[in-house]
Amino acid sequence: MYLLLFHIQNITILFWQLLRRTFSKPFYWRDLLFEMDSLGFASLPITILTGIFLGLVLTLQAAIGVHKIGAVSLVPRAITISLIREIGPVVGSLMIAGRVGSGITSQIGSMKVTYQLDAMRVLGTDPLRKLILPKFLAITIMLPLLIILLCFSGLVSAYFLASVNLNIGAVFFWNEVLRGIKFLDLINNITKSLVFGGIIGLFGNYFGLEVEGGTEGVGRATTTSVIVIFISILAADFILTKIFYEILK
Amino acid sequence: MSRQIIIEMRDVWFSYREREVLKGVNLRLYEGENLVILGGSGSGKSTILRLLLGLEKCSRGRIYIFGKDVTDLNEDGWFEVRRKIGMVFQEGALFDYMSVRENVGFRLYEEGYKEENIDRIVREKLRIVGLESVIDAMPGDLSGGMKRRVAIARALVGEPGVIFYDEPTTGLDPITARTIVRHINMLKEQYRVASIIVTHELEYAFSLADRLMMLKDGKFIFEGSVEDFKRSRDPYIVKFLGREEMV
């Protein structure tokens, strides 16, 4: 319990330090763009693939459910709602957290145990500004964009399967998709992605900075980081879903 | 004529996780001298350097650098102090995602120097350590000895008055280690750069030291010349010397 409170306190302090540095100079724009590329654009293949398979599975699941009652026309809307409100942001974030969160922890952890972070401080540069903040902001900004792309690729794959297996036409499918998307669903999607992105960036960096005990410590911290990020995303998803549920009720 | 003190620690104590690492350490570094701190693993040698760089805060005592009391400085204050100090970490601590040019010129890039000036200064510092040819290499392509020489070049960029070396020869073969020793001595003789060198390797310590200090269990048990050290009858020092001779 004491250890948990200790980590919560340190994570809160780190978040506050990053927030302060976001709105003060110097700000490392080039490093931010570099991280947006390496954490964001480099995650495109995993994002699109996840979206495609989610779309295919959701279509089959929806088809099984509605086939018995002869309501195949509900399939596009059911897929749209589940993909945009819940499955897209959560599964997408978990997939990307596996890649990005572990990457951030292992990179920062390795730099710590090889004294690179100390070297940076000695050379007069604040590692929180130069290394940590760009990574935190990059994944927070890029995750919503990636999740939107994931949802879109999921809908495209769902359309192809629905048209082949359920004989649903393109016009009908996409009309139903557009009717299924509510403004609040988009807000829900983007809010969740932003929060999940923040969790990945904050926790990934935090566990990297906490590494002790050489390369073995880096491996341990990376595993812990991924587990904590996964659980935190699911916990945050529950809280956010409850909030949106109260709004939509 | 009395020599000028550039670094001083007065009765410095430091504890880490309730363990007393340093217990009332006193240290003086004079301009242009090589001070070697000897000690076994976990004796607190590297902690002294970390305290002198503001990477750790002492629990008691005062630290003076270039005459200024730096004990209670915040991180912004330390950034100013560190500009006058060079540091060569164990195994170099080069930024592994940057080229040698970017590593050596890191401080200059951060301070907004023009590219041509950075190139000139970086080449000049690399030339001092005999590594101008690897300017575009990545740290992963360099040997252990080359990494440390690049780290020395990086430490020289700010034209520091003092350089700290943390185990500069550990893990290197004897030929490469002697090259590093030669470079450290050359910096003292040609550029009047003072150094604090932390090591546990006696052979190189003797080649480097103008003055030696021996740390044991967080306290200095010896301070003096290499000759005095060799003649010391302190049981720990005798054991330290004997073990090395057997090796």
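**Close-up views of a predicted model**

View 1. E124(B) is partly exposed, with a relative accessible area of 32%, whereas K125(B) is buried, with a relative accessible area of 3%. In this predicted model, the side chains of E124(B) and K125(B) meet in a salt bridge, with 3.3 Å from N to O. Salt bridges that share partners also join R101(B), D119(B), R123(B), R127(B), E132(B) and D136(B) into one network.

**View 2. A salt bridge that links distant parts of chain A.** The closest N and O atoms of R21(A) and D126(A) are 2.7 Å apart, and the two residues form a salt bridge. R21(A) lies in helix α1 (residues 2-22) of chain A, while D126(A), 105 residues apart from it, lies in the loop between α5 (116-122) and α6 of that chain. Are these two residues, R21(A) and D126(A), buried or exposed? Both R21(A) and D126(A) are buried.

View 3. E212(A) forms a salt bridge with R17(B), and their closest N and O atoms are 2.9 Å apart. The pair runs from the loop between α8 and α9 (214-248) of chain A, where E212(A) is found, to the loop between β1 and β2 of chain B, which holds R17(B). E212(A) is partly exposed, with a relative accessible area of 36%, whereas R17(B), at 62% relative accessibility, counts as exposed.

**View 4. The two sides of helix α7 in chain A.** Within helix α7 (residues 170-180) of chain A, the buried residues are F173(A), E176(A), V177(A) and G180(A). Seen down the axis of α7(A), these buried residues fall within an arc of 105 degrees, so they line one face of the helix. An α-helix has 3.6 residues a turn, so residues three or four places apart point the same way. On the other side of α7(A), V171(A), L178(A) and R179(A) are exposed. The buried residues of α7(A) are covered by elements including α4 (75-113), α6 (127-165) and α8 (183-209) of chain A.

**View 5. An open sheet in chain B and the helix that packs on it.** The sheet has 4 strands in the order β2-β1-β4-β5 (chain B), with antiparallel pairing. Because β2 (19-30) and β5 (68-69) of chain B stand at the edges, each with a single partner strand, one side of each is left without a neighbour in the sheet. Helix α1 (residues 45-52) of chain B packs on the sheet, where it touches β1 (5-16), β2 and β4 of chain B, and its direction makes about 115 degrees with that of β1(B).

Notes: Residues numbered from 1 in each chain as written. Chains lettered and ligands numbered in written order. Predicted model: local features only at pLDDT ≥ 70, side-chain atom pairs only at ≥ 80, totals over all residues. Heavy atoms only, no water. Buried < 20%, exposed > 50% of the residue type's maximum accessible area, 1.4 Å probe, protein only. Arc of directions from axis to C-beta. Contact = heavy atoms within 4.5 Å. Pairing = 2+ DSSP bridges. Axes fitted to C-alpha atoms, helices over the stretch in contact; angles between N-to-C directions. Salt bridge = Lys/Arg side-chain N within 4 Å of Asp/Glu carboxyl O.
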